[in-house]
Amino acid sequence: MSSADTPTDPRERILAAAAELLAQGGSEAMSTRAVGAAAGVQAPTLYRLFGDKQGLLDAVVNYGFARYLAEKSSRTPGPDPVDDLRRGWDLHVGFGLAQPAFYALMYNAARPGEAVEAAERAGRILTAMLERVARDGRLRLPVPMAAQMLRAAALGVTLTLIAEPPATRDLALSVRTRETVLAAITCAPAPAPEQLTPAALAIALDATLPERPNRFTAAETALLREWLNRLMDEAD
């Protein structure tokens with residue numbers, strides 16, 4: 001990084017230096033001493049801004065993931081919401097292969113029950129995309145279940161490809177898995193209303209409830225969701 005490109009704000013300078021060290025040598029290269037030296041700050045400044053090493057790791061993952069999230073969330077939705085899911089999957093896998101150290105920290109299995117903020121934000125984007133599919137009457141499963149399946153499959157594919165040498169990676173694995181999962185959770189384009197199953201109609205209605213926060217009381221909403229969940233169980 002040239003001096004002209006070096007941020008003047010200490011926090012930004014530390015994050016930029018840590019991100020570069022992480023990309024070049026993984027988390028092992030991101031010692032607080034190395035980050036401080038690269039950013040030109042003393043250890044007390046680093047601890048004051050980030051608390052500890054884990055706080056710095058979380059912050060740098062969010063920093064490195066911000067561009068990906070900005071690209072993913074700023075894309076104009078296409079006419080086919082399922083195609084948007086395909087593009088989102090490809091972006092996810094592409095990010096993991098381009099930035100494996102960031103990706104591994106973002107989905108760190110060593111911290112069960114805890115999620116990095118960037119991963120949570122990506123999950124919210126996925127949920128919004130699936131809600132659009134549901135409103136189209138094309139989602140076979142409730143949104144939370146479909147989101148869990150997509151996340152698990154995309155994570156598994158990405159980590160599998162990261163573990164393989166680049167020269168022997170079978171990138172078709174991503175396409176095959178993507179299409180298998182999409183076939184399991186979505187149905188053909190634009191079904192006629194009379195062709196929709198009760199479960200599909202319930203899933204579609206459930207996805208629209210957040211858009212009508214004042215239409216029902218809390219008790220009415222809870223009762224309606226109970227009825228919808230009974231219908232959605234038919235999708236299993």
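Predicted model: local features only at pLDDT ≥ 70, side-chain atom pairs only at ≥ 80, totals over all residues.
Me: Let's begin with the overall fold. How many helices and how many strands does the chain have?

Reply: Happy to start there. The secondary structure amounts to eleven helices and zero strands. Going along the sequence, the pattern reads α-α-α-α-α-α-α-α-α-α-α.

Me: What percentage of the residues count as buried?

Reply: The chain has 236 residues, and 38% of them count as buried. As for the surface, the chain exposes about 12,900 Å², with carbon and sulfur atoms supplying 56% of that area.

Me: Which share of the contacts joins residues at least 24 apart in sequence?

Reply: Take the contacts between residues at least 6 apart in sequence: 68% of these join residues at least 24 apart.

Me: Now a helix pair. How are two packed helices described?

Reply: The general idea is to give the angle between their axes and the distance between the axes. Here, helix H10 (residues 198-208) packs with helix H11 (residues 218-232) at an angle of about 140°, and their axes are 8 Å apart. The crossing of H10 past H11 is left-handed.

Me: Which residues make the contact between H10 and H11?

Reply: H10 contributes Pro198, Ala199, Ala202, Ile203, Leu205 and Asp206, while H11 contributes Arg225, Leu228, Leu231 and Met232. By class, the residues of this contact are eight nonpolar, no polar and two charged.

Me: Let's turn to single residues. Where is Arg138 found, and is Arg138 buried or exposed?

Reply: Arg138 sits in the loop between helix H7 (117-135) and helix H8 (143-163). The cut-off for buried is under 20% relative accessible area. Arg138 counts as buried because its relative accessibility is 5%.

Me: What does the side chain of Arg138 make a polar contact with?

Reply: Its partner is the side chain of Asp80, at 2.9 Å.

Me: And Leu155: which helix holds Leu155, and why is Leu155 called partly exposed?

Reply: Leu155 belongs to helix H8. The partly exposed class lies between the buried limit of 20% and the exposed limit of 50%. Leu155 has a relative accessible area of 25%, so Leu155 is partly exposed.

Me: Which residues does Leu155 touch, leaving out those up to four places away in sequence?

Reply: With those neighbours set aside, Leu155 touches His92, Tyr103 and Tyr107.

Methods: Residues numbered from 1 in each chain as written. Heavy atoms only, no water. Helix = DSSP H or I, 4+ residues; strand = E, 2+ residues; numbered from the N terminus. Buried < 20%, exposed > 50% of the residue type's maximum accessible area, 1.4 Å probe, protein only. Contact = heavy atoms within 4.5 Å. Areas by Shrake-Rupley, 256 points an atom, 1.4 Å probe, with all protein chains shown as cover. Axes fitted to C-alpha atoms, helices over the stretch in contact; angles between N-to-C directions. Left-handed = near helix turned anticlockwise from the far one by under 90°. Nonpolar A, V, L, I, M, F, W, Y, C, P; charged D, E, K, R; others polar. Polar contact = N/O pair within 3.5 Å; in protein donor to acceptor, adjacent residues only side chain to side chain.
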